[in-house]
Amino acid sequence: MEHLTRIKVQQEDFNLADEYAALGNQADCGAIVSFIGSVRELAGDSLLSMTLEHYPGMTEKSLLQITEQARQRWPLGNITIIHRIGTLSVNEQIVLVLVSSAHREAAFRACEFIMDFLKTRAPFWKKEQTTAAGYWVEAKDSDNQAAQRWSSPES
Amino acid sequence: MFNIVFFAALRETLGCGQLSWKSEARSIAGLIQELRAQGAPWDSALARPDLLCARNQQLCTPDEAITAGDEIAFFPPVTGG
């Protein structure tokens, strides 16, 4: 059976129920895993908003490549990735990943794999606007380590 | 001629998002050298060890060979998701 990959980079919000329906899950897939990332409050200064910039063209290509790499590792059904851009406020949804597979293990692992690589390879950048100042979010070592773990053979 | 694009904090530091750059450089490293030779703020901004680059929208390393007409991008580490 043909398996579909849907990738969208958009300003508009998304709705999990609609996207779950649009995933068009197939009869051979008994597991669907979803991940949603949202804007969280900062520990210190209060966050007014977060603005997401991206590299149009490369973003879509890199997300597609990440899903292709996931498909080489696990037998997967349909995949959806939606990533928002523009200015968002606390609690707003940023990213959605939906992955289906015959069994849960592949679906869980592929969803994590896609998020780990999205965070370290896809050309998105966050700028936080607090009551005090606006600054670009620094990349985290923990995100790089999360992506690195997939290069060890036991993964 | 190369189409060079910059993103995020780097774009702001340079005050430049896009550049048509005439060059005989054969690698991205060569382009970096030429751009840095313009002095501040190019010199320090493009010296960052964590600088990422892409050739025709594909991540690569600075030793990547380039040919005229390529789109070359420079940007800081990514922070999506």
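Modeller: A salt bridge here is a side-chain nitrogen of Lys or Arg within 4 Å of a carboxyl oxygen of Asp or Glu. Please note that this is a predicted model.

Colleague: How many salt bridges does the structure hold over all chains?

Modeller: There are 12 salt bridges over all chains. In one of them, the side chains of A:Arg149 and A:Asp116 meet at 2.5 Å, N to O. A:Asp116 belongs to helix α3 (residues 104-121) of chain A and A:Arg149 to the segment after α4 (141-148), so the pair ties together parts that are 33 residues apart in sequence.

Colleague: Which residue forms a salt bridge with A:Asp13?

Modeller: The partner of A:Asp13 is A:Arg84, and their closest N and O atoms are 3.3 Å apart. This pair links distant parts of the chain, 71 residues apart: A:Asp13 is in the loop between β1 (5-10) and α1 (16-22) of chain A, and A:Arg84 is in strand β4 (residues 76-84) of chain A. A:Arg84 is buried, with a relative accessible area of 5%, whereas A:Asp13 is partly exposed at 44%.

Colleague: Which side chain does B:Glu12 meet in a salt bridge?

Modeller: B:Glu12 meets A:Lys127, with 2.7 Å from N to O. B:Glu12 lies in helix α1 (residues 8-14) of chain B and A:Lys127 in strand β7 (residues 124-130) of chain A, so the pair joins two chains. Both residues count as partly exposed, B:Glu12 with a relative accessible area of 39% and A:Lys127 at 22%.

Colleague: Which residues are linked in a network of salt bridges?

Modeller: A:Arg6, A:Lys8 and A:Glu19 are linked in such a network.

Colleague: Then what polar contacts does the side chain of B:Glu71 make?

Modeller: B:Glu71, which sits in strand β5 (residues 71-75) of chain B, makes a polar contact of 2.4 Å with the side chain of A:Tyr55. Another polar contact, of 3.3 Å, joins its side chain to that of B:Asn3. Beyond its neighbours within four places in sequence, B:Glu71 is in contact with residues including B:Asn56 and B:Gln57.

Colleague: Where are B:Asn56 and B:Gln57 found?

Modeller: B:Asn56 is in the loop between β3 (52-55) and β4 (58-60) of chain B, and B:Gln57 is also in the loop between β3 and β4. Most residues other than glycine have a negative phi. B:Asn56, however, has a positive phi near 50 degrees, and phi of B:Gln57 is positive too, near 65 degrees. B:Asn56 is partly exposed at 34% relative accessible area, while B:Gln57 is buried at 17%.

Colleague: Changing topic, which peptide bond is cis?

Modeller: The bond from B:Ala40 to B:Pro41 is cis, with omega near -5 degrees. B:Pro41 is in the loop between α2 (28-36) and α3 (42-45) of chain B.

Colleague: Finally, which residues make a nonpolar surface patch?

Modeller: A:Leu16, A:Tyr20 and A:Ile36 make a patch of about 250 Å². A:Ile36 is in strand β2 (residues 31-38) of chain A and is partly exposed, with a relative accessible area of 31%.

Key
Residues numbered from 1 in each chain as written. Chains lettered and ligands numbered in written order. Predicted model: local features only at pLDDT ≥ 70, side-chain atom pairs only at ≥ 80, totals over all residues. Heavy atoms only, no water. Helix = DSSP H or I, 4+ residues; strand = E, 2+ residues; numbered from the N terminus. Buried < 20%, exposed > 50% of the residue type's maximum accessible area, 1.4 Å probe, protein only. Patch = residues over 30% accessible without salt bridge, like charges linked within 9 Å, V, L, I, M, F, W, Y side chains within 5 Å. Areas by Shrake-Rupley, 256 points an atom, 1.4 Å probe, with all protein chains shown as cover. Polar contact = N/O pair within 3.5 Å; in protein donor to acceptor, adjacent residues only side chain to side chain. Contact = heavy atoms within 4.5 Å.
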